[in-house]
Amino acid sequence: MAKGNHPEYQKMIDKQFKDLMKHCQSHMEQVEKTLPEPRENLHELLKTRGITRRDFVKWTAAMTAALMLPPMFKPMVAKAAENFSRIPVVWLHFAECTGCTEALLRSSYPNVDDILLETISLEYHETLMAASGDQAEKCLEDAIHHFKGKFICVIEGALPRGLNGQYLRIGPKGKTGIEIAKEVCKEAAACIAIGSCSAFGNIQSAKPNPTDAVSIKEAIGIPTVNIAGCPPNVVNFTGTLLHYIMFGGLPALDGLGRPIWAYGKRIHDYCERRPHYDASEYVNEWGDAGALKGWCLYKVGCKGPYTYANCGRVRFNTGISWPIMAGHGCIGCTEPAFWDTMAPLEKPLPDKSFNNREATIDNIGIALTGIAALGIAAHATATALRHKDEDQATKQEVKQHE
Ligand code: SF4
């Protein structure tokens, strides 16, 4: 009998989830008592945007599953969504293109995730706020003062360390990005690095990196939850905030600071072109017969086998599509230093043996997921147990291929 089906094992998992539910309920009561009233009535807002109750219930089920929680947590996910606008957020911009903000907050046909972000209690956001100069600086000081220890600091962009941080000066006092990050982050309840620039340095830190740009963690030495991607998926950001509202802590993270629920598996594992990979049916050049038939993009540079993210499962643009579905291979944008390590983007990595591909890919996978840093203890335990089972199942699957 597989361990997952053993009655004692099931009993243990059920008990852990029941304990987790109790923790979640008592934390949510605290949130409702201690944080400001919601700014928006979510259900009214959803109604005015044409989202029905049925759509919301479907979204709740999908988000619960995405967070790797059992269906009993659906009402708590719904409740957390209703309380989404209670959490004060300070959003800092450093060396970046504002693409993450654009991707997350601009949606022609918004779904529940997009609307949740509209309700977010943004106390400071340079791109969206009307204030500028001294007024903007005052907004930031007030937000830190009023919500000390309670706000979430979201950071977009890398931090240049060259010339003592002087490649990036912001605001009327001309403070460096490093100075601002140090001042704000130490007062936050938690720091979320949104996008691969703040999480890993991204293109600003690609060779030769003249400004010595690095991730937030490397620049100021604080732990961050890394919502990697260029840009990241809105679901991974809202899911992380919902988890925080529900449990009062951050989700279990992998060795690179990414939430395991969102980045625990490879693009290759969720890919709809995977049966063609297994059958050795490849696109050899753009526009060939294989491309027309939707075959695997490995030979034209897809880095899905080396990249951990849930893009294929949650997709982009209200779930309509994602790069591989649209015919372009994954470029590995959720991995550190991908501009240097995944290039050339249109070719397979030169040192990987195509004949021994599964073995190579599996070794990389094991190396990347080997160390899991844990966030909230209870959820982490349940998640880790679940992953252990999944890892074993994946290994068995790989063995069958070999
Ligand atoms: S190599 Fe890329 S296109 Fe092919 S199955 Fe893997 S992720 Fe999909």
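The legends below describe close-up views of a predicted model.

**Figure 1. Overview of the chain in the predicted model.** The chain has 402 residues, of which buried residues make up 42%, and it contains 21 helices and 9 strands. Among the contacts with a separation of 6 or more, 75% are accounted for by residues 24 or more positions apart.

**Figure 2. The largest nonpolar core.** This core holds 104 residues, and those that touch the most other members are Val90, Cys153, Ile155, Leu159 and Ala181. Helix 12 (residues 234-247) gives the largest share of the core, with 9 residues. Because domain 1 (36-261) and domain 2 (265-371) both give residues to the core, it lies between them. In soluble globular proteins, nonpolar side chains tend to be buried together. Around alanine 181, when its neighbours within four places in sequence are left aside, the contacts are with Leu92, Ile155, Leu159, Ile216, Ala219 and Ile220.

**Figure 3. The packing of helix 3 against helix 4.** Helix 3 (residues 53-66) and helix 4 (residues 74-82) have axes 9 Å apart and pack at an angle of about 105 degrees, and the two helices are therefore roughly perpendicular to each other. On the side of helix 3 the contact is made by Thr60, Ala61, Met63 and Thr64, which meet Lys74, Val77 and Ala78 in helix 4. Sorted by class, this contact of helix 3 with helix 4 has 4 nonpolar, 2 polar and 1 charged residues. Methionine 68 is found in the loop between helix 3 and helix 4, and its phi is near 60 degrees, a positive value in a residue other than glycine. Methionine 68 counts as buried because it has 21 C-beta neighbours inside 10 Å, the cut-off for a buried residue being 20 or more.

**Figure 4. The packing of helix 4 against helix 12.** The axes of helix 4 and helix 12 cross at roughly 100 degrees and come within 9 Å, which makes helix 4 roughly perpendicular to helix 12. Met76, Val77, Ala80 and Ala81 of helix 4 make this contact with Leu242, Ile245 and Met246 of helix 12. By class, the contact of helix 4 with helix 12 has 7 nonpolar residues, with no polar and no charged residues.

**Figure 5. The buried residues of helix 4 and helix 6.** In helix 4 the buried residues are Met76, Val77, Ala78, Ala80 and Ala81, and the buried residues of this helix pack against helix 1 (7-34), helix 2 (42-48), helix 3, helix 6 (112-119) and helix 12. Helix 6 is mostly covered, with 6 of its 8 residues buried, namely Val112, Asp113, Ile115, Leu116, Leu117 and Thr119. The buried residues of helix 6 pack against helix 2, helix 3, helix 4, helix 5 (99-105) and helix 12.

Figure 6. Most residues other than glycine have a negative phi, and most peptide bonds are trans. The peptide bond from lysine 207 to proline 208 is cis, with omega near 10 degrees, and proline 208 is found in the loop between helix 10 (196-200) and strand 8 (213-214). The peptide bond from alanine 343 to proline 344 is also cis, with omega near 0 degrees, and proline 344 has its place in the loop between helix 19 (338-341) and helix 20 (357-369). Leucine 163, in helix 8 (residues 162-165), has a phi near 50 degrees, a positive value in a residue other than glycine. With 11 C-beta neighbours inside 10 Å, leucine 163 counts as exposed.

Technical notes: Residues are numbered from 1 along each chain as its sequence is written. This is a predicted model: local features need pLDDT of at least 70, side-chain atom pairs count only at pLDDT 80 or more; totals for chains, interfaces and linings use all residues. A nonpolar core is a set of buried Ala, Val, Leu, Ile, Met, Phe, Trp, Tyr and Cys residues joined through C-beta atoms within 7 Å. A residue is buried if 20 or more other C-beta atoms lie within 10 Å of its own, exposed if 12 or fewer, and partly exposed in between; C-beta atoms are placed from the backbone. Helices (H or I, at least four residues) and strands (E, at least two) are DSSP runs, numbered from the N terminus. Domain bounds come from an automatic or database domain assignment. Two residues are in contact if their C-beta atoms, placed from the backbone, lie within 7 Å. Axes are lines fitted to C-alpha atoms, for helices over the stretch in contact, and angles run from 0 to 180 degrees between N-to-C directions. Angles under 35 degrees count as roughly parallel, over 145 as roughly antiparallel, 65 to 115 as roughly perpendicular and the rest as oblique. Ala, Val, Leu, Ile, Met, Phe, Trp, Tyr, Cys and Pro count as nonpolar, Asp, Glu, Lys and Arg as charged, and the others, Gly among them, as polar.
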